[in-house]
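The questions below ask how each term is applied to a structure. Each answer sets a value against its definition.

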Amino acid sequence: MSAAWQGSAARDSVAFVAMRSRWRIAGLIALALAFVALGLALAGVFGPLPASSSDDGAERAVIGWVAIVFFGLCAVAGMEQLFRTGPFLRIDAQGITMAALDQRIAWSNIADVTTWQYRRQKSIILHLRDADAVRRRGIMARLLASTNRAVTGGDISISLGTTNRTMAEALDAIARFRA
């Protein structure tokens, strides 16, 4: 066995690991809190907004309270992610392991891997042979599984927007280990 081949084999056996980027998560939390503040202003918490001839302010107040609740929940979810430790995603010779799942997805259960994009947010989509065999962590993940399937056409979606790795690196790792 040549030294060059041994080096290539050793490099191919190194797992791809994506960790959460605390800076990116903190930025999203700050953005969510800014929208909460905007919602508070629209709801009139800081005082009445100037009157408009097109509405009486009730519509703005409803939009404000919806923004407060939605972006407040986003901030809480971000805080939870900020303090989680361990890998967010691992791709190796055995398959794909995600923090949001209770077990590894073996390569034998992955029928296809595609990508999906909405605006500038790109995701890796896993199409599984037996989607029911995958247990998702958390009530929200289980409830949103069918919505994810309807929107993306796949069973599991992986977004690396809040990690220290790129989509291209993950796709390269999938191609290397899945081959």
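On a 1 Å grid over the protein atoms alone, a pocket is an open set of points with protein on both sides within 12 Å along at least five of seven lines, whereas a cavity is a set where a 1.4 Å probe fits but cannot get out. This is a predicted model, in which local features need pLDDT of at least 70, side-chain atom pairs count only at pLDDT 80 or more, and totals for chains, interfaces and linings use all residues. Residues are numbered from 1 along each chain as its sequence is written, and side-chain values use heavy atoms, with hydrogens and water left out.

Q: What volume does the largest pocket have, and what does that volume stand for?
A: The volume is about 1900 Å³. It is the space filled by probe spheres set on the grid points, which are joined across faces, edges and corners.

Q: What makes a residue part of the lining, and how many line the largest pocket?
A: A lining residue has an atom within 4 Å of a point. The largest pocket has 41 of them, and Ala 77, Gln 81, Phe 88, Leu 144 and Ser 159 lie nearest its centre.

Q: How does the lining of the largest pocket divide by residue class?
A: There are 23 nonpolar, twelve polar and six charged residues. Nonpolar covers Ala, Val, Leu, Ile, Met, Phe, Trp, Tyr, Cys and Pro; charged covers Asp, Glu, Lys and Arg; the others, Gly among them, are polar.

Q: What is the span of helix 2 set against?
A: Helices (H or I, at least four residues) and strands (E, at least two) are DSSP runs, numbered from the N terminus. The expected span is 1.5 Å times one less than the number of residues. Helix 2 has 21 residues and reaches 30 Å from its first C-alpha to its last, close to the expected 30 Å.

Q: Which residues of helix 2 are called buried?
A: Buried means under 20% relative accessible area, exposed over 50%, and partly exposed in between (1.4 Å probe, protein chains only). In helix 2, Ile 25, Ile 29, Ala 32, Val 36 and Gly 39 are buried. They lie on the same side of helix 2 because they cover an arc of only 70° around its axis, the arc being that of the directions from the helix axis to the C-beta atoms.

Q: Why are the buried residues of helix 5 said to line one face?
A: The buried residues are Met 167, Ala 170, Ala 173, Ile 174 and Phe 177. They fall within an arc of 125° seen down the axis, so they line one face of helix 5. The face turned away from that buried side carries the exposed residues Asp 172 and Ala 175.
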